[in-house]
Amino acid sequence: MTSKGNAGNPPTPAPVKSQPLWHNLVSGGIAGVSEILVMYPLDVVKTRQQLQVGRGQSMMSSLISMVRHDGIKMYRGIVPPILVEAPKRAIKFASNKFYEKQILAFYGNSKPTQMQAIGSGVLAGITEAFIVVPFELVKIRLQAKENAGKYSSTMDCVNKTFRAEGLSGFFKGLESTIWRHACWNGGYFGLIHTVKAALPKPTTEQGVLVNNFVAGALAGTFGTMLNTPADVVKSRIQNQVGAGKYNWCIPSILTVAREEGLSALYKGFLPKVLRLGPGGGILLVVNEFVMKLLAGKN
């Protein structure tokens, strides 16, 4: 005999519960620190290429020269991004989730459309920019090749910047940082759902990780293509002490294009995309892995 109700049918799966915000904060932070430890040398090469006016070295030449002449000192400037990476990445994922929920509640749909995903990503990027800009400025000045010997440590850079430019000096380049993060996050979160949907449906946990890495890498690369011009001028604005040639993002982009050609707006693109493309994959894989651990699904 069969029992009443759903006899003979598979049991209905329990609804998936939304995880608390602190899960997003912790997983995003761990994902961010993992990414920066692996990819930091490429970030130094990217910055130095972006600061070069005129024809500069190739990525491999820059990397070899840096390893040969700087050695362990190529990690100069790693303290500010390490300090801000956990809150930065945590804010990236947590604020994106927050804005996505608000947008879904406003429009009344259960899953975000691509435009809604782009919107939540852009808003998350703007939020993130306000947090990272002082740390980015100190990092850029420590990474710049021409500043070797100018700053003895991270705190020395902080003290000299404060004495020369005051507290507001740490927020130089805020507007270009907003452009950089809004473009990258909008591209990343806007594309990630489309890529995931287009990939073959995974049947194993390993397949899920592979899909997450591929989707994250492709979305990260796309975001990098969108935001590199803003990143180039941001680096130049933040490396200036006092008033300088570069100021606002769009006028600075036009100045670089006019004086050095359009290709100059993509200086540092290769190390940037090699870092942020795969780095986007690392972010997504580690973030989702930690989220599962926190949810007790490992």
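Partly exposed, as used here, means a relative accessible area between the buried limit of under 20% and the exposed limit of over 50%. Gly242 is a handy case: its relative accessible area is 33%, so it counts as partly exposed. Keep in mind that this is a predicted model.

**A glycine in a loop**

Where does Gly242 lie? It sits in the loop between H7 and helix H8 (249–260). Setting aside residues up to four places away in sequence, Gly242 touches Glu165 and Lys172. Tyr266 is another matter: it is 24 residues from Gly242 along the chain, and the two C-alpha atoms are separated by 25 Å.

**The overall build**

How many helices and strands does the protein have? The tally is nine helices and zero strands, so the order from the N terminus on reads α-α-α-α-α-α-α-α-α. Along the principal axes, the C-alpha atoms fill a box of roughly 85 × 40 × 35 Å. The radius of gyration is 21 Å, which agrees with the value near 19 Å that a compact globule of 298 residues would have. Buried residues come to 47% of the 298. As for contacts with a separation of 6 or more, 79% of them are between residues 24 or more positions apart.

The largest nonpolar core has 24 residues, and Tyr40, Met66, Tyr188, Ile192 and Val286 have the most contacts inside it. Helix H1 (21–51), helix H2 (59–70), helix H6 (174–198), helix H7 (205–239) and helix H9 (269–295) are the elements that give two or more residues to this core. H1 gives the most, with seven residues.

Take Ile192 from that list. Once its neighbours within four places in sequence are left aside, Ile192 is in contact with Ala215, Gly216, Ala219 and Leu284. There is also a second, separate core of nine residues, with Val233, Ile237, Cys249 and Leu265 among them.

**The largest pocket**

How much space lies in the largest pocket? The figure is about 1400 Å³. Its lining is made up of 36 residues, and those that lie nearest the centre are Lys97, Glu100, His193, Lys196 and Glu288. By type, the lining divides into 17 nonpolar, nine polar and 10 charged residues.

H1, helix H3 (79–107), H6, H7 and H9 each supply at least two residues of this lining. Which helix has the largest share? That would be H3, with eight residues.

Val210 has its place in helix H7, and at 46% relative accessibility it counts as partly exposed. Tyr107 has its place in helix H3; at 57% relative accessibility, it counts as exposed.

| Pair | Apart in sequence | Apart in space |
|---|---|---|
| Val210 and Val285 | 75 residues | 8.4 Å |
| Tyr107 and Val44 | 63 residues | 42 Å |

Why does Tyr107 count as exposed, and not partly exposed? Its 57% relative accessibility is over the 50% cut-off, so it falls in the exposed class.

Key: Residues numbered from 1 in each chain as written. Predicted model: local features only at pLDDT ≥ 70, side-chain atom pairs only at ≥ 80, totals over all residues. Heavy atoms only, no water. Core = buried A, V, L, I, M, F, W, Y, C linked by side-chain atoms within 4.5 Å. Buried < 20%, exposed > 50% of the residue type's maximum accessible area, 1.4 Å probe, protein only. Helix = DSSP H or I, 4+ residues; strand = E, 2+ residues; numbered from the N terminus. Contact = heavy atoms within 4.5 Å. 1 Å grid on protein atoms, 1.4 Å probe; cavity = no way out; pocket = protein on both sides within 12 Å on 5 of 7 lines; lining within 4 Å. Points joined across faces, edges and corners; volume = space filled by probe spheres on them. Nonpolar A, V, L, I, M, F, W, Y, C, P; charged D, E, K, R; others polar. Rg over C-alpha atoms; globule rule 2.2 N^0.38 Å.
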